[in-house]
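Let's take a walk through this one together.

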Amino acid sequence: MNDDETFVGIGRPPTNRRQVGVKLLWIGIWLAFMSAPVKDLIDGNHTPWAAALGTLGLLVFVGTYLVLVFRHTAKALDRRRVGATVAFLGALAAVFSLTLGTPWLVLFVYVSVTVGATLPPRTAGWLIPVVTAVLVGIGLTVDHPRDVITALVFPALLGGFAMTGVRQMIRTTIELREARATVAQLAANEERLRLARDLHDLLGHSLSLITLKSELAGRMLPDRPDQAALQVADIEQVSRQALVDVRSAVTGYRRPTLPGELAGARTALAAAGIIADIPADVPAELPEKPEEVLAWALREAVTNVVRHSGARRCAVTLTLRQTLDGRILELTVADDGRGGSGTKPGNGLTGISERLATVDGMLTTRATGSVSGKGFTLTLSVPLGSALGSGE
């Protein structure tokens, strides 16, 4: 399991077995301190009624703790409800510690963690030391062993403040995810508005002219059919030109760009749990046709990595080289997966080769040795001419 895959699930409920396992492991680590009161109950140090009430109370305490910490850390709950629940946990911890003995002082560690996980940082900042002070006070009042008290003070403080940081990280991650979704929605809305403006500019004049000439042709038909026929011919010419303009505009909107495909590759690889190393910038003023070919090729290459490679890492690099024949832009997609099959290339590589041929580009592939698998590297080279920004 890689760190990137775990990070993707922060602030979200588990969606697969691996994420469920990670969350259960996290819960299990924190519940390790419960061994002390559980052992106290098993050893039979109390009367049957006290043991039964202690078992019931411990189950209630653990259930309440888990609901608060592991289901609502990322959510903004009603402060009164959270405060009442934390007070309830604190009361249970105090009662058990006073009546059942030293092993139950550990419950204050969980109260401290609950405070850090569910309350605002400013409130948690003073309440965690208060909970720890209550732990020490009860321990000293009933003459518990001081080494036990000292051993619990550090986990109570560290656990509480650590969960404060975890809560802030989860909330920040959720806000960042929501902000990204908002930015994407705004970008999509802006693109729709731009398309609407462009179509209005392209078709507004043409449709108005078609309407005018249609009205003229209708008035001319009874007495001047020859002139009406000329108007109809003009209508045909204008409508054909409008159709050409619309097709050109739509083609421009559908043409993939290299920055857009790099962003899409980053998202696709992250969603598949593959650690991505992708450049943030591309050379400025790339010629339109080579950029389109590289964008299509990058999309196909990343799709192959996600679907077939079984890779854990994928690196995309862009290198601009100067040769005797002019500038060449190289796009490399390298993964550490299973590698190529060694047989003839599939439809994806064939399609990439055919697209590259239209711009005199070249495709090379090779299997690369790695610890986790053979790996596979795809390199695409397209000539850009003597300088960037030159025509095709």
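This is a predicted model: local features need pLDDT of at least 70, side-chain atom pairs count only at pLDDT 80 or more; totals for chains, interfaces and linings use all residues.

The protein chain has 392 residues, and 34% of them count as buried. Its secondary structure comes to 12 helices and five strands. If you look at contacts with a separation of 6 or more, 70% of them are accounted for by residues 24 or more positions apart.

Now pick out helix α5, residues 79–100, and helix α6, residues 107–118. Their axes lie 9 Å apart and the angle between them is about 170°. Angles over 145 degrees count as roughly antiparallel, so α5 and α6 get that label. Who does the touching? On the α5 side, the contact is made by Val82, Val86, Leu89, Gly90, Ala93, Ala94, Phe96 and Ser97. Across from them, α6 brings Leu107, Phe108, Val111, Thr114, Val115 and Thr118.

Next, slide along to helix α10 (residues 258–271) and helix α11 (residues 288–309). Here too the axes are 9 Å apart, but the packing angle is about 5°. Since anything under 35 degrees counts as roughly parallel, α10 and α11 are roughly parallel to each other. From α10, the contact uses Leu258, Pro259, Glu261, Leu262, Ala265, Ala268 and Leu269. The α11 side consists of Glu291, Leu294, Ala295, Leu298, Arg299, Val302, Val305 and Val306.

With the helix pairs done, let's turn to the surface. Leu56, Val60 and Phe88 make a nonpolar surface patch of about 250 Å². Leucine 56 belongs to helix α4, which covers residues 48–72. Is leucine 56 buried or exposed? Its relative accessibility is 52%, and the cut-off for exposed is over 50%, so leucine 56 counts as exposed.

One last stop: threonine 141, in helix α7 (residues 121–141). Its relative accessible area is 65%, so threonine 141 is exposed as well. How far apart are the C-alpha atoms of threonine 141 and leucine 98? The separation is 9.1 Å, although the two residues are 43 residues apart along the chain.

Technical notes:
Residues are numbered from 1 along each chain as its sequence is written. Side-chain values use heavy atoms; hydrogens and water are left out. Patches are made of residues with over 30% relative accessible area and no salt bridge: like charges are joined within 9 Å, nonpolar side chains (Val, Leu, Ile, Met, Phe, Trp, Tyr) within 5 Å. Accessible areas come from the Shrake-Rupley method with a 1.4 Å probe; for residues, only the protein chains shown count as cover. A salt bridge is a side-chain nitrogen of Lys or Arg within 4 Å of a carboxyl oxygen of Asp or Glu. Helices (H or I, at least four residues) and strands (E, at least two) are DSSP runs, numbered from the N terminus. Buried means under 20% relative accessible area, exposed over 50%, partly exposed in between (1.4 Å probe, protein chains only). Axes are lines fitted to C-alpha atoms, for helices over the stretch in contact, and angles run from 0 to 180 degrees between N-to-C directions. Angles under 35 degrees count as roughly parallel, over 145 as roughly antiparallel, 65 to 115 as roughly perpendicular and the rest as oblique. Contact means heavy atoms within 4.5 Å.
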